[in-house]
Protein chains: 2
Amino acid sequence: MSKGSRSVQPLKSVNRPRDLTRDKVIEAGLALLDCEGVGAVTMRAVAESLNVTPMALYNHVSSKDDLLRAIAADILDNANFDGGTSDWRDQVAYCFAEFRAICLRHPGLSRLLETPDIAPGTVFAPMEVTLNALSQAGLSELDGVRTYFTLVGFTIMQADYQSRGPYIDLEPADGTRSQRIAGRGYRMVEGMELPREWDFGAAFDFGLSLILDGVEAAIRRSDRQRGQTSDIGGE
Amino acid sequence: MSKGSRSVQPLKSVNRPRDLTRDKVIEAGLALLDCEGVGAVTMRAVAESLNVTPMALYNHVSSKDDLLRAIAADILDNANFDGGTSDWRDQVAYCFAEFRAICLRHPGLSRLLETPDIAPGTVFAPMEVTLNALSQAGLSELDGVRTYFTLVGFTIMQADYQSRGPYIDLEPADGTRSQRIAGRGYRMVEGMELPREWDFGAAFDFGLSLILDGVEAAIRRSDRQRGQTSDIGGE
DNA sequence: ATCAGTAAATATACAATGTATATAAGAAGG
DNA sequence: CCTTCTTATATACATTGTATATTTACTGAT
């Protein structure tokens, strides 16, 4: 400023405090994600909320994807999926109830987790507790992983449904299929009507117990097989 | 062409055949979706593949979202989810195996179906056959819908995983959590290694049977609660 | 045929976005 | 003070969706 002999005017802000950090960028991005949704997380918006030029962010974040990944990782890292219960079923239920709660607390997170390029490795944080519980329950390691994938997919999807509202069909397609969901209430096959307020929590609990009941059946089956050394057909 | 007396030069194409239709736009978009993925479906790319100006599309499609929705609807409308089998379990399994097959045949579809704004009402096409089968099996209507949502979410998610490759963590996060999946093979908790080629089909079958086993358990439970009604041949 | 009217394509333009590149302002060390 | 490195800025560009205005081709009445 005291120099000012160059042809170029002083830039946007004369005092540029050197205190921008990666954490601040992530935090600002997270705030935007929580308040306005994933669509609002633009580099310019994050920069503006930090009173900084868009390009300043690139000193702390290599790309927008990197930022989104860091946001998702930040959320998941600060979570605890271990309920500390002894019963495997309680443990798994707690784990995914927590997962779901986090997704609902941060609308837009499920969208990020659906995108492999963006989802951080820590999406698999709950895997550890789940695999431990399932292996303790007697499930094979392979089936444990398969079960885990079933559970994460289901949980993320359910949370995403809830966060972003149900499906809407603006135009009734072609009439041959009348099912549609509109607003919160929905109308589906053959004029069937369901409660205007869909209870996502109950639906999640139901789906979760479906899967866990299935796990129990699988365990029982493998136990029986091990006891009788006979081939189980399943079907 | 023969006229050409105006001050403005002949435009891009002198003969502009008036043969652009909504179906052609949808078809071109679908081709792009299948070949290059959802990211390649831009208005400009679709227009170019039809030898037409981007804005020409807007005479047949009200927006890009409308186009994407139409593409998804087109795929689903040309599908049949009714296997025609009598056993409810076979019926539901067929329905979602078909759903999955469609998602895999059209990579990028699952991405569209994950977006409520874009998913057409016909995502619920398989709902009819599923609800019929489940109600025939003795499940209540409410639980039938819940089960259906569990199944679609699971199926779409699984297909999406498979279509877009598993999660990748470029940088090992913070080390405390070592789980990650890289490439086709993946490494997870505590140095656990799994087969390099993950069998998505087997994982889907496993998850599906988990859910269906859970349904059976739910039916048994409600049967028992209702006293003893043995008319419905669950198992 | 001619001429208006309409529908469909074009041309142009603009705003939003991610990010490459070059530059300037401080801080650090000699 | 001078060099050098880091961090922020300024500018610019390519890509996207799409609004607006314009031009062309087709249609139907006269």
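Q: Why is B:F149 called buried?
A: In this predicted model, B:F149 has a relative accessible area of 8%. Buried means under 20% relative accessible area, with over 50% exposed and the range in between partly exposed (1.4 Å probe, protein chains only). B:F149 therefore counts as buried.

Q: What makes A:Y161 buried or exposed?
A: The relative accessibility of A:Y161 is 7%, so A:Y161 counts as buried.

Q: Why is the pair of B:F154 and B:F204 called stacked?
A: Rings of Phe, Tyr and Trp (its six-membered ring) pair if their centres lie within 6.5 Å; planes under 30 degrees apart count as stacked, over 60 as edge-to-face and the rest as tilted. The centres of B:F154 and B:F204 are 5.5 Å apart and the planes stand at 10 degrees, so the pair is stacked. B:F154 belongs to helix α7 of chain B and B:F204 to helix α8 (residues 200–225) of chain B, so the pair ties together parts 50 residues apart in sequence. Both B:F154 and B:F204 are buried.

Q: How many aromatic pairs does the structure hold over all chains?
A: There are twelve. One of them, A:Y161 with B:F149, is edge-to-face, at 6.3 Å centre to centre and 70 degrees between the planes. A:Y161 lies in helix α7 of chain A and B:F149 in helix α7 (residues 141–164) of chain B, so this pair joins two chains. Helices are DSSP runs (H or I, at least four residues), numbered from the N terminus.

Residues are numbered from 1 along each chain, as its sequence is written, and chains are lettered from A in the order written. Local features need pLDDT of at least 70 and side-chain atom pairs 80 or more, and side-chain values use heavy atoms, without hydrogens and water.
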